[in-house]
Amino acid sequence: MISFFICLSLLITAYFTYGRYLERLADIDSKRPTPVDKMEDGVDYIKLPRWRVFLIQLLNIAGTGPIFGAILGACFGPVAFLWITFGGIFFGAMHDFLSGVMIMRHDGRSLPEIIGVYLGLSTRAVVRVFSVALMVLVGAVFILSPAELLASMIPDVAKNIWVWIILAYYILATMLPVDKVIGKIYPVFGIALVAMAVGLLGALFIGDYNIPEITTIHNYQLDPGKLPIIPTLFITIACGAISGFHATQTPLMARCITNETKCRSVFYGAMISESIIALIWAAIAMAFFHGPTALGEQLARHGGNAAWAVDVIANSTLGKVGAVLALLGVVAAPITSGDTAFRGARLMVADIFNIDQRPIIKRFVICIPLFIIGYGITLVNFDVIWRYFAWANQTLAAVVLWSIYVWLARRGKNYWVAMIPAIAMTFVVTCFVFTSPQFLGIENRVIAYLLSIIATAIFGLLAYRRIDNSVIIQENKQIKS
């Protein structure tokens, strides 16, 4: 249990230390106008108080990632604590905070447009398609996972019925102004999510649980050869450590923040909170099932269904009232990420084609095709969807990290805070492509790792070239012509 408490303390301390350092690095200025000061429109650019923006941001980014991902990641053993902690501090929270500041400095534009500024027009074109596809994929994932949970909680209502109910809510939340649905119900769900984590933390304190210590970097997976720590752990635990999906959600709240000084609590703070939630779920999963090996065996018996583990843990540790609260948080988290995923996709399409979003008919025209595609994806096997979602998530994170690196380097700032994570995540996602059976499936790990190093070096050189101002000048001439 000592390892768990050290990791928990590090996450909390980082908010007040490393978070403040990043504030200085980003030149946070309380007097600088925010996007909503310049562009308030009553639909997406709406002034909201800090506490509301924080809870919305937390629910936007949480989904089932810090819960399901943490439980599945716990099968690797206590090494999961290290990735959640140091990944959350130096990768995820840094990624969320600095990308949030970047987006605010560019009037809250959607992520692909910001990436285009720093990584070029070709990259922007690819990321536009990739990001919209990821948003629809995320939306589909977060229709299916809460539908399955609700169907297990209320067996009298079939999963397909829940799918249609959730989809109808998504359409409503995506099209209405941000303060009408999202701004009103998210704080309630946010409190449930936080209460769930606090309740489980209390159960760890009070209950007779033994949380494994970090004494060795050992892979406790039932088939460690098939699921090596590098790169699989870093793909499995995504949202609890770092997630490119977060940066796609950032423009939603970047358009509502009224002062730059609120960025640390909203962006860095929300990610640290998510890492704490992931840490708690990883700990309770290992402790409840008496170790990572037994956890892996139990999950294998139930088809790798993390939702089953959530149901068993919540009901056994928190009692009926606590379990309802916990399951509400688990159900609310994916639903409140799914609707903002579709909302993010709408904003991306609107930014690409410069479509005014004040008329509701124009929002409707963009949304309907997105929801048709999203529903089609729900008909595909969930395991297949999740597999590609997790990889796409981390791939986008690597791209965002390279954008932050270029942004810092152009401003003469300490770019190492972004470059080291960018190198690490690029290696992870390319290594997954080379080793995973879903992609190339190269069995010789030495060859796969060498190819990953080469690919990472190429991406790094391309990003380094973007620091040269002459490239930017030439590109601006092309845009004007």
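Student: Which residues touch the most other members of the largest nonpolar core?
Tutor: This is a predicted model, where local features need pLDDT of at least 70 and side-chain atom pairs 80 or more, while totals for chains, interfaces and linings use all residues. Residues are numbered from 1 along each chain as its sequence is written, and side-chain values use heavy atoms, without hydrogens or water. The core (buried Ala, Val, Leu, Ile, Met, Phe, Trp, Tyr and Cys joined through side-chain atoms within 4.5 Å; buried is under 20% relative accessible area, exposed over 50%, partly exposed in between, with a 1.4 Å probe and protein chains only) has 163 residues. Those touching the most other members are Phe-4, Ile-71, Leu-98, Tyr-268 and Trp-281.

Student: Which helix gives this core its largest share?
Tutor: Helices here are DSSP runs (H or I, at least four residues; strands are E, at least two), numbered from the N terminus. With 20 residues, the largest share comes from helix α13 (residues 263–288).

Student: How far apart in sequence are the parts that Glu-260 and Arg-105 tie together?
Tutor: Their side chains form a salt bridge (Lys or Arg side-chain nitrogen within 4 Å of an Asp or Glu carboxyl oxygen) at 2.8 Å, N to O. Glu-260 sits in the loop between α12 (244–254) and α13, and Arg-105 in helix α6 (residues 79–105), so the pair ties together parts separated by 155 residues.

Student: Is Asp-351 buried or exposed?
Tutor: Asp-351 meets Arg-109 in a salt bridge of 3.7 Å, N to O. Arg-109 is partly exposed because its relative accessibility is 28%. Asp-351, at 11%, counts as buried.
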